[in-house]
Amino acid sequence: MGKKKNNYKMKLTAREAQCTTLRKLYDNSTTKFWKRLMCTFVDGGQCYTYGKFRETTNLISTKMSRYGISSGDKVAILSQNMPNWGVAFFAATAFGRVAIPILPDSSENEVTNILNHSESKVIFISKRMMDKLSPECRDKMTLIIDIETLEFIKKDDEAFKCNGWTVEPSPDSLACIIYTSGTTGNAKGVMLSHRNLAHNVVASMKAQPSTKKDRFLAILPLAHTYQMSISFLYPIFVGAATYYISKPPTPSILLGAMKKVRPTTVLSVPLIIEKIYKSSVLPTIHKSRILSWMEKHMSWLLHWFIGRKLVRTFGGKIRFFGIGGAKLDPTVEAFLLKCKFPYAIGYGLTECAPLVTNAMVHRTRLGSTGVAAFNVEVKIDNPNPETGEGEVICRGDNVMIGYYKDPSRTMQAIDDEGWFHTNDVATIDKDGYLFIKGRLNNTILSSTGENIYPEEIEMVINDIDGVNESLVIEREGKLVALVKFDDNVLDWNQESEDKFFENLEARKNAVLEFVNKHVGKNSKVSEVDAMRKDFEKTATQKIRRFLYKNSHGDEPKEKDSTNKNEEK
């Protein structure tokens with residue numbers, strides 16, 4: 001693990017050494033880069049220089065103090081991405097309060113549970129999210145603040161008599177609590193300290209040095225640590241500008257923003273680049289005689305051409321396209337490697353704020369999530385002597401304080417020596433590169449006692465033409481693939497029922513035949529069920545597996561069998 005050890009020997013610059021809390025980050029950057037653009041919408045509006053951002057944030061903090069909101073009090077944020085999200089976040093964290101970022105796609109029930117469990121006194125909320133704020137929660141709030149205008153929607157006049165106090169937080173002070181259900185459905189309040197988040201900022205700098213000349217385009221929700229640490233806090237540290245999209249990031253909106261901003265840095269999840277590859281790159285190659293000929297006879301020229309085209313698609317200035325949150329399709333990654341596209345791979349968890357490993361641009365290895373991040377120790381716990389597979393555990397200043405109000409779960413996750421147990425299964429090669437196999441609690445034990453990782457089977461299925469996404473589950477001791485086919489290959493609203501069922505069965509049989517030719521004997525699938533709707537996903541586009549544990553798909557049944565079921 002020689003290369004990994006080099007990360008430990010990296011020296012901190014004077015500025016990196018000063019970045020120990022979000023207050024220090026806030027003070028240093030908003031004074032050093034006073035006149036520079038900090039953040040704005042792509043299409044204008046809510047535009048802040050670092051100086052204006054500081055003045056606005058200080059004012060909002062003062063207003064909260066006048067209503068008794070003090071250090072340690074919880075301040076929730078429920079909003080789509082926007083520059084004022086940062087104002088709300090720093091008005092809390094820079095003054096010793098605790099931010100409670102809530103993912104914008106949370107349901108009313110989830111929002112209610114988070115606000116009650118965290119005992120939040122203030123909520124910054126956008127108008128489009130107001131219907132998620134229950135009357136019960138509204139009544140409990142001291143302040144409800146319109147995040148778009150920063151005006152008070154509700155203020156407790158009784159609280160106005162109390163004068164709140166603030167203190168400068170220490171590195172070990174609680175900065176925020178992020179509630180995550182992940183893919184297991186068991187909600188947890190992850191407590192992240194100032195040290196945790198500041199460490200991730202410095203680790204990002206060591207992995208991919210950026211400057212005040214960089215332009216970040218924010219795509220993922222700010223309430224997710226991946227976006228928060230690396231594409232919100234990090235650009236502030238270096239004095240860069242961040243651009244937000246005011247509309248839902250559909251492919252057309254996203255590509256338009258890329259052309260306008262011409263970003264140098266974008267953080268993404270695999271699903272975005274995989275869709276571009278399958279819906280744009282492959283069809284372009286197959287429709288062009290010249291490109292098809294290149295693919296067979298001069299593949300290096302094809303990859304050079306497509307690589308340049310991809311860079312132009314992302315605005316022409318992209319130098320860091322970060323991919324994390326889930327495993328990247330190896331076929332897509334192999335293509336990106338050959339095209340010399342400036343992508344980088346990372347692996348992390350909310351509990352680690354989030355960086356655990358990273359592979360820098362042009363230092364990636366196919367199928368790997370890179371080496372240990374700066375000042376993070378990573379190893380495999382209790383590895384299988386034959387395969388080297390075992391649970392990934394890590395230790396460092398990135399590891400959370402614990403789970404809020406849940407000491408027993410905290411003790412299960414962090415052992416006595418400070419190692420955080422990730423629940424991910426992986427191997428590490430001789431150079432310290434990590435290769436994720438799957439989740440420990442997703443692992444299926446075969447009849448011969450061998451581990452089966454459904455994620456690896458899903459990778460094979462997702463490479464089949466006409467397949468949008470898939471999920472492999474165990475049913476009565478057999479492996480079953482739940483498959484969502486592309487809408488253009490399986491029309492659920494066809495007039496001809498016979499034609500539909502014929503097409504459906506052909507597609508299912510094709511998947512079954514293909515996957516069983518490309519996996520080992522213990523990973524063969526016994527049945528394929530079709531899904532009509534897209535799978536429900538987390539913020540980083542991972543399927544919420546727990547929802548489909550007992551699923552039989554939602555494909556229609558044949559008329560005869562339907563009638564029989566109804567008669568019973």
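Let's start with Asn468. Leaving aside neighbours within four places in sequence, Asn468 is in contact (heavy atoms within 4.5 Å) with Lys275, Lys484, Phe485, Asp486 and Asp534. Asn468 and Lys275 are 193 residues apart in sequence, yet 8.9 Å apart in space, C-alpha to C-alpha. Asn468 sits in strand β24, residues 467-475. Strands here are DSSP E runs of at least two residues, helices are H or I runs of at least four, and both are numbered from the N terminus. Asn468 is partly exposed, at 26% relative accessible area. Buried means under 20%, exposed over 50%, partly exposed in between, with a 1.4 Å probe and protein chains only.

Now, what are we looking at? This is a predicted model: local features need pLDDT of at least 70, side-chain atom pairs count only at pLDDT 80 or more, and totals for chains, interfaces and linings use all residues. Residues are numbered from 1 along each chain as its sequence is written, and side-chain values use heavy atoms, with hydrogens and water left out.

On confidence: pLDDT is the predictor's confidence in each residue, from 0 to 100. The chain averages 88, and 93% of the residues score at least 70. Residues 1-6 stay under 50, and the model has 13 contacts for them beyond four places in sequence. Residues 558-568 are also below 50, with three contacts beyond near neighbours in sequence. Where pLDDT is low, the predicted coordinates should not be read in detail.

Next, strand β9, residues 188-193. Six of its six residues are buried, so β9 is largely enclosed by the rest of the structure. In a regular strand the side chains alternate between the two faces of the sheet. Here Lys188, Val190 and Leu192 point one way, and Gly189, Met191 and Ser193 the other. What does β9 pair with? Pairing takes at least two DSSP bridges between two strands. Strand β8, residues 174-180, runs antiparallel to β9 and is joined to it by six bridges. Strand β19, residues 402-403, is also antiparallel to β9, over two bridges. Val190 is the bridge partner of Ile178, and Val190 also stands opposite Tyr403 in β19.

Tyr403 comes up again with Phe420. Phe420 contacts Tyr403, and its other contacts include Leu349, Val392, Met400 and Ile414.

Which residues touch the most other members of the largest nonpolar core? Trp85, Phe89, Phe90, Phe124, Phe232 and Phe420, out of 92 residues. A nonpolar core is a set of buried Ala, Val, Leu, Ile, Met, Phe, Trp, Tyr and Cys residues joined through side-chain atoms within 4.5 Å. Helix α9, residues 225-238, gives this core its largest share, nine residues. Apart from it lies another core, of 35 residues, including Leu282 and Ile306.

Helix α16, residues 454-462, is mostly covered, with eight of its nine residues buried. Among them are Glu455, Glu458 and Asn462.

Finally, some backbone details. Most residues other than glycine have a negative phi, and most peptide bonds are trans. The bond from Ala353 to Pro354 is cis, with omega near -5 degrees. Pro354 lies in the loop between β14 (343-348) and β15 (355-359). Glu119 has a positive phi of about 60 degrees. Glu119 is in the loop between α6 (108-118) and β5 (122-125), and is partly exposed at 48%. Arg262 also has a positive phi, near 50 degrees. Its place is the loop between α10 and β12 (265-268). Is Arg262 buried or partly exposed? Partly exposed, at 38%.
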